[in-house]
There are 2 protein chains.
Amino acid sequence: MAVATPHMTAGPRNALSDVAGLRVGHASMVGDGALTGVTVVLAPPGGVVAAVDVRGGGPGTRETDALDPRNLVPRVEAIALTGGSAYGLDAVAGVVSWLEDHERGFPVGELPHEVVPVVPAATIFDLGRGGDFRKRPDAALGRAAVEAAAAEEECGPVATGVVGAATGALAGGLKGGLGTASCVLEGGVTVAALVVVNAAGSAIDPVGGLPYGMVAALPGEFPLVPPSHNEHAAALGRFVDADAPQPPLNTTLAVVATDAALTRAQAHKLAGVAHDGMARALRPVHTLYDGDTVFALSTGARLLPAVSSETPYGVNAEAAALSAIHAAAADVVARAIVHGVLAAESVDMATGPAPSYRSLYPGAAARYRRTD
Amino acid sequence: MAVATPHMTAGPRNALSDVAGLRVGHASMVGDGALTGVTVVLAPPGGVVAAVDVRGGGPGTRETDALDPRNLVPRVEAIALTGGSAYGLDAVAGVVSWLEDHERGFPVGELPHEVVPVVPAATIFDLGRGGDFRKRPDAALGRAAVEAAAAEEECGPVATGVVGAATGALAGGLKGGLGTASCVLEGGVTVAALVVVNAAGSAIDPVGGLPYGMVAALPGEFPLVPPSHNEHAAALGRFVDADAPQPPLNTTLAVVATDAALTRAQAHKLAGVAHDGMARALRPVHTLYDGDTVFALSTGARLLPAVSSETPYGVNAEAAALSAIHAAAADVVARAIVHGVLAAESVDMATGPAPSYRSLYPGAAARYRRTD
């Protein structure tokens, strides 16, 4: 326990899809005043255990109360992340209708089609960044995202950067992006995260110019070098400008997932601890201007060590396994944030230029390659 | 908002006592099998607004439900932090009785002595570290701590390191300690923290050997230099030893405070965001083996900018002021954790040696001086 990084490796894709059964689909709306999108995480049929922890001061969410472990619905078929602030939650309708068409959801009758799909969702603020305040994700875009997810191969690649719900994202004066990461613990449990980085705070340490979240990096994961003095000074002038208008609202969203079998209450704890990854990779975070939200999913493929009847209390194997998963969840969130910022490309928004990290730090990031 | 460190300075003491009116008192129980203590934060008569956020998986607390903003008691006279795990909460009785003797508490009758002192408290696990599992803080020790607080001058120094509730503290294989820090925001609001660092996780980055929490440092605050390769390698062998028995339970406790006037709900949000400072300075944190808890206090000496009737929504002056306080709270917690670890001295515990950071990294820490 003394040090958080045990002998971990990333999964084959270093992505959320390393948790077998989870598929990710994106749909974007770009041009003609639009700069937004939707990302859907689709569970295998029958759903997954899910939980949520909302820590930002300005959240926009749907169906999160259903995830309270005290409430009825035990599993969900999908999670939706959207742009478009409160309006963008309308996109979830397209995910719900697709699930209904496929007879997937909480059963409420005798017939297969008698289901209610509960699709927990959260949204980021990106209104007006494409130029038209009224261009937001709608049901058609949501349906396109879930269809894209369903079309993915199992354990396939996950597109990152300026895609899906992160299409219009900003992160502390830089272009934000969608990032993902995974790790495999000793014993074989996989923990992974997908993050839409759209933070009021910064992902970059102004002292030194490297991403904060590198503190959680796996060996060799981020082949960045400290930027030269000149490169850093020039970059600071671009993204740390006290006179530049800051976005009034933001929000970072994450989905963390594991193949370990968690109860809903255990998934709730996992979502909470995963916020520590946001804290390590974004500064400040959980502000009043962010609706920072973490969903936690458990596919249940791997059973945790059982609590022994001989040691019903204390530091048992189950608690040890959970603790390793918790620490890994915080770290994969931090690492996914770094990948999201590094994968993003510059975008000229209606609200002003959004330079990418790689464009401002070409020397520091010269050896970084997108993995998807 | 893009970068979290504005033009901040520490308060005169760089301590919790920089929030005028708050006094800190310690009492320790050392020797004859004991290695534990109590720390009390005493409000000025009439009390302060208070809130709490519990994020650790193994908390030990008292009177925290009374702090729910929906509940009755609007202010508290003191916060108590104790060693001794659940047993150590008995020490709060001594704080309560002292307050009763001084006719301080929630009024429940016509006469001045008819009060009920509500003293929220949380405890760390340090049982057995002095050798005798049964030596824990009691009411007498709690009373000694509150009397010590009452005897302090206003805005006086706060003792740090191996004192009070941190007497038996450990932090990821090192000796833990009590730390404190403060900052003064533009406009004059002070935000300060006091932390009892007793973490299952580590405060020290195994890559490089410097404290994680230095990411939040004020310029020049921690005059550490990167340790030499030899110093770091030798130190790692001492405190990152997979074969060393790790403490089964731990807990980091913090009190954050500001002179800004907060509602109880605003103080609750402050306590939550302050946990981000733990996340930045300790890794992992909020584990099942920690009862990590943050209390937030507001003395109310400085009014926040009012919400304007012309801008009842949106990014108003009040939200901006709160956001600056939130960011500062996370940072003072991280900085206080670093001070706590740096101020601690080595202790030979019954459970094994607990080397201090300074003893393991004499070169890196050569220029660090305790400020109290």
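These notes cover backbone geometry and the chain contact in a predicted model.

1. Most residues other than glycine have a negative phi, and most peptide bonds are trans.

2. **A cis bond in chain A.** The bond joining A:Arg283 to A:Pro284 is cis. Its omega is near -5 degrees. Find A:Pro284 in the loop that runs between helix H5 (264-281) and strand S14 (293-302) of chain A.

3. **A cis bond in chain B.** Now turn to B:Arg283 and B:Pro284. The peptide bond from B:Arg283 to B:Pro284 is cis, and omega is near -5 degrees. B:Pro284 sits in a loop of chain B, between helix H5 (264-281) and strand S14 (293-302). Keep B:Arg283 in mind, as it returns in point 7 with a salt bridge.

4. **A positive phi at A:Asn14.** This residue is not a glycine, yet A:Asn14 has a positive phi of about 50 degrees. Look for A:Asn14 in the segment before strand S1 (23-31) of chain A. Is A:Asn14 buried or exposed? A:Asn14 has a relative accessible area of 11%, so it counts as buried; the cut-off is under 20%.

5. **A positive phi at B:Cys155.** Here phi is near 60 degrees, again positive in a residue other than glycine. B:Cys155 belongs to the loop between helix H3 (139-151) and strand S9 (170-171) of chain B. The relative accessibility of B:Cys155 is 31%, so this residue is partly exposed.

6. **How much the chains touch.** The size of an interface is often given as the accessible area lost when the parts come together. Chain A and chain B bury about 3,500 Å² between them. Carbon and sulfur atoms account for 61% of that area. How many residues are in contact? The contact involves 43 residues of chain A and 43 residues of chain B.

7. Polar contacts across the interface of chain A and chain B come to 16 residue pairs, both residues at pLDDT 80 or more.

8. **The chain A side.** Which elements supply the residues of chain A that touch chain B? H5 and helix H6 (317-343) of chain A each give at least two. H6(A) provides the largest share, 7 residues. By class, this side of chain A has 24 nonpolar, 12 polar and 7 charged residues.

Notes. Residues numbered from 1 in each chain as written. Chains lettered and ligands numbered in written order. Predicted model: local features only at pLDDT ≥ 70, side-chain atom pairs only at ≥ 80, totals over all residues. Heavy atoms only, no water. Helix = DSSP H or I, 4+ residues; strand = E, 2+ residues; numbered from the N terminus. Buried < 20%, exposed > 50% of the residue type's maximum accessible area, 1.4 Å probe, protein only. Contact = heavy atoms within 4.5 Å. Buried area = accessible area lost by both parts, 1.4 Å probe. Salt bridge = Lys/Arg side-chain N within 4 Å of Asp/Glu carboxyl O. Polar contact = N/O pair within 3.5 Å; in protein donor to acceptor, adjacent residues only side chain to side chain. Nonpolar A, V, L, I, M, F, W, Y, C, P; charged D, E, K, R; others polar.
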